[in-house]
Amino acid sequence: MMPLITTVKPENATGELAELYGKIEAMRGRVSNSAQIFSASPELIKQQMSFIEYYMVKQKALSMPLLASIRMLISDKNSCSYCVDFNASILINMMGWTPKDVEAMRANPNDAKLDTKEKAMLLFVLKAVRTPHDVEAKDVQALRDLGHTDGEILDATNHGARMSAIDIIFDAFKIEKDF
């Protein structure tokens, strides 16, 4: 099934889009459907690449397992199977989690295979994204008490909120699984 908007395959990309695809391929090994869905707007590809680079390379406080857990659980709630499966595969294939570890976390985020500090952040982000009006000063203070900075709290919450936006794009335009 093709996505509902026209996408450009890597072999058909020219100009700026071809350059961006080259950078994506260098970073990820291939140009996945999750990148091609943005091909109608090269500026959005740049924003998405910058977002990924920030969380994967520049910021150091939030671990890959925490970030993948945030993305997977936000996407699970949003019923974005592409993103759930993609992030589950990161946890299993790159982080050494078992399928049972992933399923346990999906069933109950308190069972995430994360340390106390990271689990608290995960649970906070889920609350902030799902029910933002329920977040209270004591929730933020609890994270500070565990040693999180306000920047880390904002970074993690932004990561979860942006994931909701990505889920909407992928589901609205019917992205095809390619992994």
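User: What should I know about the model and the numbering?

Analyst: This is a predicted model, so to speak of local features we need pLDDT of at least 70, side-chain atom pairs count only at pLDDT 80 or more, and totals for chains, interfaces and linings use all residues. Residues are numbered from 1 along each chain as its sequence is written, and side-chain values use heavy atoms, with hydrogens and water left out.

User: OK. How many helices and strands are there?

Analyst: The protein has 9 helices and 0 strands. Helices here are DSSP runs (H or I, at least four residues), strands are E runs of at least two, and both are numbered from the N terminus. Along the sequence the pattern reads α-α-α-α-α-α-α-α-α.

User: And how compact is the protein for its length?

Analyst: Its radius of gyration is 17 Å, close to the 16 Å from the globule rule for 179 residues, so the protein is as compact as a globular protein of that length. That radius is taken over C-alpha atoms, and the rule is 2.2 Å times the number of residues to the power 0.38. The C-alpha atoms fill a box of roughly 50 × 30 × 30 Å along the principal axes.

User: How much of the protein is buried?

Analyst: 41% of the 179 residues count as buried. Buried means under 20% relative accessible area, exposed means over 50%, and partly exposed is in between (1.4 Å probe, protein chains only).

User: What about contacts along the chain?

Analyst: Take contacts between residues at least 6 apart in sequence: 66% of them join residues at least 24 apart. A contact means heavy atoms within 4.5 Å.

User: Switching to charges: how many positive and negative side chains are there?

Analyst: There are 21 positive and 24 negative ones, and the centres of the two sets lie 1 Å apart. Lys and Arg count as positive, Asp and Glu as negative, while His and the chain ends are not counted. Each charge is placed at NZ of Lys, CZ of Arg, CG of Asp or CD of Glu.

User: Now the aromatics. How many aromatic pairs does the structure hold?

Analyst: The structure holds 5 aromatic pairs. One of them is Y82 with F86: the ring centres are 6.4 Å apart and the planes are at 10°, so that pair is stacked. For the cut-offs, rings of Phe, Tyr and Trp (its six-membered ring) pair if their centres lie within 6.5 Å; planes under 30 degrees apart are stacked, over 60 edge-to-face, and the rest tilted.

User: Where do Y82 and F86 sit along helix α5?

Analyst: They are 4 residues apart in helix α5 (residues 81-93), which puts about one helical turn between them. Y82 is buried at 4% relative accessible area, whereas F86 is partly exposed at 24%.

User: What's the geometry of the Y82 and F170 pair?

Analyst: Y82 and F170 are edge-to-face, 5.4 Å centre to centre with 80° between the planes. Y82 is in helix α5 and F170 in helix α9 (residues 150-172), so this pair ties together parts 88 residues apart in sequence. Both Y82 and F170 are buried. F38, Y82, F86 and F170 form one aromatic cluster.

User: While we're on α9, is H159 buried or exposed?

Analyst: H159, which lies in helix α9, is buried at 2% relative accessibility. Leaving out residues up to four places away in sequence, H159 touches F51, Y55, L67, I70 and R71.

User: And L62, where's that one?

Analyst: L62 is in the loop between α3 (42-58) and α4 (64-77). L62 is buried, with a relative accessible area of 5%. With residues up to four places away left out, L62 touches Y55, L67, M121, E152, D155 and A156.

User: What about K174?

Analyst: K174 also isn't glycine, and its phi is positive, near 60°. K174 lies in the segment after α9 and counts as partly exposed at 35% relative accessibility.
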